[in-house]
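Me: I would like to go through the labels given to parts of this structure and see what each one rests on. Please set the values against the cut-offs.

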Amino acid sequence: MLFMKVRLDESLSMTLLLSLACSNDFLIEPIVEPSGSPYDTAAPLADTEDTGVLEEPEEEPEEEPEEEEEQEPEEDDPAPEDDCEGTSDLVYVVSRGDESLYLFDPTSLSFTKLGALDCGWTGSPNSMAVSRDGLAYVRYSDETVYEVDLDTLDCTETTYNNGTFGSFGMGYATNDDQTWRDQLYIANAGALATLDTDTWKLSGVAPMPSQSELTGNADGELWAFLPLEKPAELIQVDKSSGSTLKRLQLPGFPDPADIDAFAFATWDKDFYVFVRVYGMGSSTDVYKVDPQGNMTKVLGHIGFDVVGAGVSTCAPA
């Protein structure tokens with residue numbers, strides 16, 4: 001902008017000349033605003049219109065979490081698929097006279113004959129245990145042990161050779177109540193041991209008070225029947241130390257001097273004792289003992305002499 005001072009006096013012409021001279025020394029260019037600035041009225045306006053209302057952003061729909069299917073916990077050591085398929089969950093018994101194998105059903109107190117064994121020529125059955133895999137092990141009076149296929153009743157003599165251990169009762173018990181794996185236990189007049197049916201080697205566990213028969217269950221319990229004690233006893237045995245965990249006395253059981261043969265098995269928390277006393281025409285009687293030790297004679301003189309009883313850990317505990 002040119003500043004011109006106009007005066008009406010005589011110096012008007014001089015002032016005008018000085019102003020023109022200064023404008024040539026300092027060139028002042030006009031200010032040009034950049035295109036599109038807020039001050040440029042020629043810049044295009046945005047398409048949006050300011051309504052003065054604060055608009056909230058649209059909420060995206062929340063995705064519902066996918067429901068996970070509940071999975072049953074996997075067992076660390078599951079049983080084989082064919083576990084217990086070849087073994088009944090009833091009680092097996094073996095007779096002395098014709099060496100026959102029977103199934104005893106505790107719910108009906110009945111016996112079903114499966115057939116006769118053809119295992120040994122020089123001895124007779126004395127004790128029996130039943131495994132989960134369709135096999136029974138029968139000890140004979142000549143100290144041999146036979147493996148019996150419960151389906152075909154075929155006998156195979158094992159390599160067991162430990163005559164120094166003497167006569168023994170036997171039974172299976174699981175390692176604890178959380179596993180299907182079990183162990184065969186045997187007991188003579190003074191000792192409790194385990195017997196490995198793969199190697200047929202004995203491992204000593206602990207002393208026993210007197211001659212006994214053994215039975216066990218899927219709860220990991222091992223029980224012994226001591227008919228020579230006065231009175232006769234059922235005891236739960238600690239599988240590691242041999243100590244007595246529980247004792248059930250059986251007053252009224254036959255006197256030890258009168259007992260000819262006996263066997264023992266547990267089924268669904270009850271116990272079944274098979275005993276023959278001496279006497280012409282006598283045969284096995286069957287006693288039931290409940291978990292509190294109450295004993296009842298449920299069958300008398302069944303018509304044959306039971307010398308071994310076995311129940312697998314597949315049976316109800």
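Me: How many aromatic pairs does the rule give?
Reply: This is a predicted model, and the count in it comes to 16 aromatic pairs.

Me: What makes tyrosine 102 buried or exposed?
Reply: Its relative accessibility is 9%. Buried means under 20%, so tyrosine 102 counts as buried.

Me: And how is phenylalanine 111 classed, with a relative accessible area of 23%?
Reply: Buried would need a value under 20%, and exposed a value over 50%. Phenylalanine 111, at 23%, therefore falls in between and is partly exposed.

Me: What makes the pair of phenylalanine 225 and phenylalanine 264 tilted?
Reply: The distance is 5.7 Å centre to centre, with 40 degrees between the planes. Stacked needs an angle under 30 degrees and edge-to-face one over 60, and the rest are tilted; the pair is therefore tilted.

Me: Which strands does this pair link?
Reply: Phenylalanine 225 lies in strand S13 (residues 222-226) and phenylalanine 264 in strand S16 (residues 259-267). The two are 39 residues apart, and the pair links distant parts of the chain. Both phenylalanine 225 and phenylalanine 264 are buried. Ring pairs also join them into a cluster with Trp223, Phe253, Phe262, Phe271 and Tyr287.

Me: How do you know that the charged end of arginine 139 sits over the ring of phenylalanine 168?
Reply: One condition is a distance within 6 Å of the ring centre. For arginine 139 the distance is 5.1 Å, and its charged end is listed as sitting over the phenylalanine 168 ring.

Me: What makes S9 and S10 a pair of strands?
Reply: Pairing takes at least two bridges. Strand S9 (residues 182-187) and strand S10 (residues 191-195) have three, in the antiparallel sense. The bridge partner of tyrosine 185 is threonine 194 in S10.

Me: Why are S8 and S11 called edge strands?
Reply: The open sheet has the order S8-S9-S10-S11, with antiparallel pairing. Strand S8 (169-174) and strand S11 (202-207) each pair on one side only. The twist averages 30 degrees from one strand to the next.

Definitions and conventions: Residues are numbered from 1 along each chain as its sequence is written. This is a predicted model: local features need pLDDT of at least 70, side-chain atom pairs count only at pLDDT 80 or more; totals for chains, interfaces and linings use all residues. Side-chain values use heavy atoms; hydrogens and water are left out. Helices (H or I, at least four residues) and strands (E, at least two) are DSSP runs, numbered from the N terminus. Axes are lines fitted to C-alpha atoms, for helices over the stretch in contact, and angles run from 0 to 180 degrees between N-to-C directions. Rings of Phe, Tyr and Trp (its six-membered ring) pair if their centres lie within 6.5 Å; planes under 30 degrees apart count as stacked, over 60 as edge-to-face and the rest as tilted. Buried means under 20% relative accessible area, exposed over 50%, partly exposed in between (1.4 Å probe, protein chains only). A charge sits over a ring if NZ of Lys or CZ of Arg is within 6 Å of the ring centre and within 35 degrees of the ring normal.
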